[in-house]
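Keep the structure open as you read.

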Amino acid sequence: MNVTPSMSRPSAAHNTQRYDAVIIGAGIGGLYQLYRLREAGLKVLAIDAGSGVGGTWYWNRYPGARVDSPSHVYQYWFSEELNTAWNWSERFPAQPETERYLNFVADRYALRKDIQFSTRVLSCDFDESRERWQVRTDKGITLDAKYLISCAGTLSTPLNNLFEGEQSFRGEVYHTARWPKQPVDFTGKRVGVVGTGATGIQVIQSIASQVKTLTVFQRTAPYTIPMRNQCYTDADRAKLKSRFHEIKHQVRNSFVGFDFDFTYGSYHDASPNDRREILEMLWDDGSLALWAGSYGEIFTDEAVNKEVSAFVRQKMSERIKNPALIKQLVPTDYGFGTRRVPLDTGYLETFLRPNVSIVDIKAAPIERIVENGVQTADGKVHELDVLILATGFDASTGALTQIDIRGRGQQLLRDEWSKDLRTTLGLMVHKFPNLFLTAAPLSPGAALCNAPTCLQHQVEWITDCIRFLEDNQRATIEPTLEQQDRWVAHHDEAASTSLLAKTRSWYTGANVDGKPKRLLAYAGGVNVYREHCDAVAAQAYADFRIN
């Protein structure tokens, strides 16, 4: 007799709790989704593995953790009163302040009473006979819900056990995405950091002055822009608050969800002097505007990207003025902006310190971790007391593929996405009725968007869709296969014009062995994506299968 996975699980009827909706995650998206669905009159529960709210800003408390989106756009837009009540202290807040902001929101709207903390979702099964989801947790509880919404985050599943022998290391090991709450003392210690992405950069520049020696293991040098942070005065805050509605409109109608956009016209139409003036101005601004608010051709035109890359390389080289370090730290094998662009605070200059060294693990990869350090393929053992892993994430998909999610016909989402990354608008998946997604593949929120902008838009779309079903007394909604195929084809068409899709990075899943290679984020722009989503809602979800 064949037994399906769901049939083989023991009955937990006595431990079943019934809700209208269950939300996975209590970060930026999860808190807002909880607020919106409660506002709609639904009985809702959010579940989070952390002991508090915050998502990314709960887990990522490593030294130097800081937002690289300006605080005046890295926030909620549903309430001007909320905006008025909170005062950001600086342009680019550190992790503790962002975590405090999210706790402030949770307290202001009494959200905690509907959040179950320190709990992991193990499985989610769609019961076709009842048209409801059965959500099982590690607490032995089954949650019965009509709707299941993932707000589990884009960068929430760290890559672990990447190196042979990790368990044999006798020193301290820390992963930046699971940093302990208690301070870590680096005084007098030999510290190694693996990874030089946005997270690695923040750690390296923050701890170099504290350690005895710092060894940085780098595979790919990053382009990086010096952050121009500032402490806000009351006058600064008042000015930004007075522009609440203006900024809200800007972030929702720009290419990547910021209050800047490609407003300088075509690169080809500008004179060389005008181009240089714009690039210099945006470099001095010390934000991501140089990347996503200068010229759109940076993303699509190889010749333009080559010229802008040369500009950034020159600026980076001027900061260190050391030919050997320039060769190690200034990238030449890919174009500016085709990988995630970090902001830094003295990162390049850190390598001028006598106690800091760099190891090229593209030339000599890490072979294994040994008792006393890291052994590279050239046979050298780099002796360490502390090993810090800033090795990245299974972006956009990892949070869901680690959960046993089964839709119609016991179809496993993990199996679907192991073959190909396919969604409808990055919001739903064929064969998975009433499963709604945020920050999922094939939407801007998967990688190419200021996170709060795209999360709030998707939460609002999901809420409106659920309201539509409830108002019309319908049981389920699911994208058709034909509809999903059309969106995938449109996504791929937009990706085909983008240089991001032609560069190996986590944007394309290249950092995870076996992960299907497709540009994770919709490359048509946040503004265009919003138009597509709005059109679907305006047509009363006509292309969906609704029962």
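Before we get to any angles, a word on how helix axes are handled: each axis is a line fitted to C-alpha atoms over the stretch in contact, and the angle is taken between N-to-C directions. Keep in mind, too, that this is a predicted model. Across the protein the pLDDT averages 96, and 97% of the residues score at least 70.

Start with helix H8, residues 272-285, and helix H10, residues 302-320. Their axes come within 12 Å and cross at roughly 50°. Angles under 35 degrees would count as roughly parallel, and 65 to 115 as roughly perpendicular, so H8 is oblique to H10. The crossing of H8 past H10 is right-handed. If you want to find the contact on screen, look on the H8 side for Arg275, Arg276, Leu279, Glu280 and Trp283. Their partners in H10 are Glu307, Val308, Phe311, Val312, Gln314 and Lys315. Sorted by class, the contact between H8 and H10 has five nonpolar residues, five charged ones and one polar one.

Now move along to helix H15, residues 451-471, which packs with two helices we can look at in turn. One of them is helix H17, residues 526-538, at an angle of about 5° and with the axes 11 Å apart. H15 and H17 are therefore roughly parallel to each other. H15 brings Thr453, Cys454, His457, Gln458 and Trp461 to this contact, while H17 brings Val526, Tyr529, Arg530, Cys533, Asp534, Val536 and Ala537. That gives the contact of H15 with H17 seven nonpolar, three polar and two charged residues.

The other is helix H1, residues 28-39, whose axis comes within 9 Å of that of H15 and crosses at roughly 30°. An angle like that is under 35 degrees, so H1 and H15 are roughly parallel too. H1 passes H15 in a right-handed crossing. From H1, the contact takes in Ile28, Gly29, Tyr32, Gln33, Arg36, Leu37 and Glu39. H15 answers with Pro452, Leu455, Gln456, Val459, Glu460, Ile462, Thr463, Ile466 and Arg467. By class, eight residues in the contact of H1 with H15 are nonpolar, four are polar and four are charged.

Last stop: the cysteines. How many disulfides does the model have? The count comes to one. Cysteine 449 pairs with cysteine 454, with their sulfur atoms 2.1 Å apart. The link between cysteine 449 and cysteine 454 is right-handed, with 100° about the S-S bond.

Note on methods: Residues are numbered from 1 along each chain as its sequence is written. This is a predicted model: local features need pLDDT of at least 70, side-chain atom pairs count only at pLDDT 80 or more; totals for chains, interfaces and linings use all residues. Side-chain values use heavy atoms; hydrogens and water are left out. pLDDT is the predictor's confidence in each residue, from 0 to 100. Axes are lines fitted to C-alpha atoms, for helices over the stretch in contact, and angles run from 0 to 180 degrees between N-to-C directions. Helices (H or I, at least four residues) and strands (E, at least two) are DSSP runs, numbered from the N terminus. Angles under 35 degrees count as roughly parallel, over 145 as roughly antiparallel, 65 to 115 as roughly perpendicular and the rest as oblique. A crossing is left-handed if the near helix is turned anticlockwise from the far one by less than a right angle, and right-handed if clockwise. Contact means heavy atoms within 4.5 Å. Ala, Val, Leu, Ile, Met, Phe, Trp, Tyr, Cys and Pro count as nonpolar, Asp, Glu, Lys and Arg as charged, and the others, Gly among them, as polar. A disulfide is a pair of cysteine sulfur atoms within 2.5 Å.
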